[in-house]
Amino acid sequence: MDVIYLDDYLKKPVGLKTVRSTLLTFSRDGSGPIDSLSAGTTVHLLGLGTDRHLVEARVTNGKAEGWILANDLEPIPEETIKELESKRADDEKLKQAIAKKEVLVGMPEDAVLKILGRPNSKSTITEPSGTSEKWSYVTYKMVPLQTQNLINGTNYVSTVYQKVVTGSKIVFFQDKKVIRFEVNQERDTPQRLETPGVLPY
């Protein structure tokens, strides 16, 4: 199991006390002692490991970050564990949505940029729920365009591909998070044009 860094998920630092005298070390394997901490010392939890946690503690020469045995700390509050698990689940859901190119309600702006790129236009609108920012995307598709040409009694048909608008995607934000996502698709069909006097490619 890798280390879970709490500042990636929690807004407030978690303070815990040591339940017995213990060593604060440079390494996760317990090597490189920094200082000895007496029982009842308050530390701030920075990262969760399997058997050792990363903490910030006040030591002889000021403050230091290091590793401490998990069993030498009082238990992490249940509400903190629940909040951490919820935030991690949300983070995993967001990563999967980005990988699948799916826009979700609650998604932050930077995630939408990763999925859809920069919008064609932005605007601010007022709704019953408050002021929203609207990002508009135009979707395109290459469709075949046929030309028919009669040259010296011979009928020539050629096909080129033209970029046409097929719909739009609109994302609405409040407080820099998605509150609504709309997809408008238009049916596109191949077009046939008569352009006499133009030789086919």
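**Group meeting: helix α1 and its surroundings**

The buried residues of α1 pack against β1 (4-5), β2 (14-17), β5 and α2 (109-116). Buried here means under 20% relative accessible area, exposed means over 50%, and partly exposed is in between, with a 1.4 Å probe and protein chains only. Contact means heavy atoms within 4.5 Å. Helices (H or I, at least four residues) and strands (E, at least two) are DSSP runs, numbered from the N terminus.

A word on the model. This is a predicted model: local features need pLDDT of at least 70, side-chain atom pairs count only at pLDDT 80 or more, and totals for chains, interfaces and linings use all residues. Residues are numbered from 1 along each chain as its sequence is written, and side-chain values use heavy atoms, with hydrogens and water left out.

Back to α1. The helix covers residues 78-100, 23 residues in total. From first C-alpha to last it reaches 33 Å, close to the 33 Å expected at 1.5 Å a residue. That expected span is 1.5 Å times one less than the number of residues. T80, L84 and A97 are buried in α1. Just after the helix, K101 takes a positive phi of about 60°.

Now salt bridges. The rule: a side-chain nitrogen of Lys or Arg within 4 Å of a carboxyl oxygen of Asp or Glu. That gives four salt bridges.

Two of them sit in the helix: E83 with K87, and D91 with K95. For E83 and K87, the closest N and O atoms are 3.4 Å apart. For D91 and K95, N to O is 3.5 Å. E83 and K87 are four residues apart, about one turn of the helix. E83 counts as partly exposed because its relative accessibility is 35%. K87 has 29%, so it is partly exposed too.

Which residue forms a salt bridge with D72? R20, with the closest N and O atoms 2.8 Å apart. This pair links distant parts of the chain, 52 residues apart. D72 lies in the loop between β7 (62-69) and α1, and R20 in the loop between β2 and β3 (22-25). Is D72 buried or exposed? Buried, because its relative accessibility is 8%. R20 is at 42%, so it counts as partly exposed.

Last stop, β5. H44 is found in this strand, residues 42-48. Leaving aside neighbours within four places in sequence, H44 is in contact with P13, V14, G15, L54, V55 and E56. At 34% relative accessibility, H44 counts as partly exposed.
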